[in-house]
Amino acid sequence: MEIFHIAAECYPAAKVGGLADVVGALPKYQNSAGHLVSVVLPRYETKFINENEFDCVHSDFVKLGNFNFPFNILKERTGKLGYELYLVEIPELFDRKEIYGHEDDIERFVSFQIATLDWINTRTAMPDVINCHDHHTGLIPFMMMYANKYEKLKDTPTVITIHNSIYQGQFGFDKLYYLPEFDLSKVTLLEWDNRINSLATAIKCASAVTTVSPNYLNEINYSAYGLESLFNLVRYKSRGILNGIDMEVWNPATDKMLEKNYSIKNFKKGKQENKEKLCAEHNLDPTKPLFSFIGRLLEEKGADLLPHAAAMSLSENYKEINILVLGSGNTEIENQLTHLLTSFKGNYNAVIGYDEALAHQIYAGSDFLLMPSRVEPCGLNQMYAMRYGTIPIVRRTGGLKDTVIDFGDNGNGICHDQASVGDICYSIQRAVNLYKDKKKINDIRKKGMAIDHSWESVCQEYIEGYNLILNKNEG
Ligand code: GLC
């Protein structure tokens with residue numbers, strides 16, 4: 001079947017978080033399973049986009065209320081990503097390096113959605129399914145069904161995949177005129193809590209809703225930033241499908257970013273060499289257990305607890321552990337983490353920023369990965385960590401609960417229930433003790449490395465979901 005994925009991020013073209021990893025991988029596997037898959041995202045000023053070649057396949061103007069922005073559809077020339085990559089180039093709105101965080105994000109993403117549909121609408125054959133991701137593409141199912149100019153797309157099934165329900169793309173009804181002319185009797189479908197809410201609109205209008213883990217689907221029925229009752233209403237068309245990871249990109253045996261490649265057969269030596277290099281580069285002690293955190297420094301990820309938890313654990317275990325943080329986000333958290341450098345030199349370091357290669361080296365060289373998330377719809381880092389023989393320490397929430405079981409229950413990691421400094425420190429203490437039992441810790445590492453989180457079977461679940469809605473539409 002022909003599938004279109006529409007999203008704001010896609011690795012390697014544009015990445016902020018896990019959304020990019022999923023949108024960069026799932027299409028590749030759907031394509032190898034015999035489907036014709038395209039990904040559509042805005043053309044930002046990123047390194048990948050600037051360094052690769054694209055052909056312009058369509059040009060027009062996108063109308064956003066009174067504004068008319070010229071746009072081009074660019075197609076990646078070689079197809080080397082394993083699917084067709086299309087970029088929507090709207091220079092006035094997207095010729096910027098930062099993907100999010102602009103004052104005109106609403107104008108940017110609404111224009112992106114309209115331009116995408118304008119272009120798809122010019123094709124002779126319509127795709128079989130359009131899979132939207134998160135709120136940036138949430139108005140698409142509504143516009144396809146009710147905007148007069150997309151009559152041709154009215155019956156094409158849509159899926160909204162929810163990677164995170166915190167961000168909902170809300171804006172006031174004063175901007176309703178941005179949308180192309182539509183059947184006004186349907187205007188309430190756009191509304192949630194007296195505002196236009198892109199995510200809520202998608203949940204109401206899409207033929208199916210998927211979340212990125214089964215447990216997250218359960219959680220959003222009682223905790224979803226105001227959308228709980230809506231999620232309850234659409235339960236009948238919802239599915240929780242656990243993300244996979246790209247086992248080719250994330251493979252310690254072939255990963256070119258590592259100091260030393262290794263597999264489950266020689267991981268002890270391999271990890272040790274990576275750890276020594278990592279510790280040397282970040283002024284840490286390779287003879288002590290290394291705890292790391294990788295990710296966005298946001299409350300959602302429990303990152304606000306890190307400075308305090310790190311300081312307490314480092315003081316209690318004076319010179320017995322190392323902690324390394326890689327991430328950026330909230331400035332206050334960044335400052336607090338940087339501030340700790342003076343007190344714990346030699347056992348602590350923080351790299352503020354985003355560095356894909358360093359992230360790979362940290363997965364390989366660490367002993368434990370901290371994920372004290374308050375909210376984690378799926379979480380990929382725990383899966384990357386396990387693949388690299390690093391033991392995840394997680395708060396039992398969302399997809400973390402689906403993928404990590406405490407070693408006390410014969411599992412593959414360390415779990416705690418509260419997003420609190422106390423729980424994190426307690427888990428670190430358990431890890432310090434576990435580190436002393438070499439046989440046990442190596443057994444747990446091996447268990448993690450042996451888990452198959454590949455996309456092949458996950459991709460099949462998506463196809464089954466698409467087939468269900470396709471059959472319903474035909475019937
Ligand atoms: C978002 C979620 C994360 C999930 C990722 C990919 O970033 O916060 O939990 O793994 O999307 O679906």
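Q: How do you know what area is buried between domain 1 and domain 2?
A: In this predicted model, the area buried between domain 1 and domain 2 is about 1400 Å², of which carbon and sulfur atoms give 57%; buried area is the accessible area (1.4 Å probe) that two parts lose on being put together, summed over both. Lys 15, Asn 215 and Leu 242 supply 26% of the area that domain 1 buries against domain 2, more than any other three residues. Local features need pLDDT of at least 70 and side-chain atom pairs count only at pLDDT 80 or more, while totals for chains, interfaces and linings use all residues. Residues are numbered from 1 along each chain as its sequence is written, and side-chain values use heavy atoms, with hydrogens and water left out.

Q: What makes up domain 1 and domain 2?
A: Domain 1 covers 2–244 + 456–474 and domain 2 covers 267–452, with bounds that come from an automatic or database domain assignment.

Q: How many residues of domain 1 and of domain 2 are in contact?
A: Taking contact as heavy atoms within 4.5 Å, 21 residues of domain 1 touch 17 residues of domain 2.

Q: Why is the meeting of Lys 15 and Glu 356 called a salt bridge?
A: The term requires a side-chain nitrogen of Lys or Arg within 4 Å of a carboxyl oxygen of Asp or Glu, and the side chains of Lys 15 and Glu 356 meet at 3.6 Å, N to O, so the pair qualifies. Across the interface of domain 1 and domain 2, the rule finds one salt bridge.
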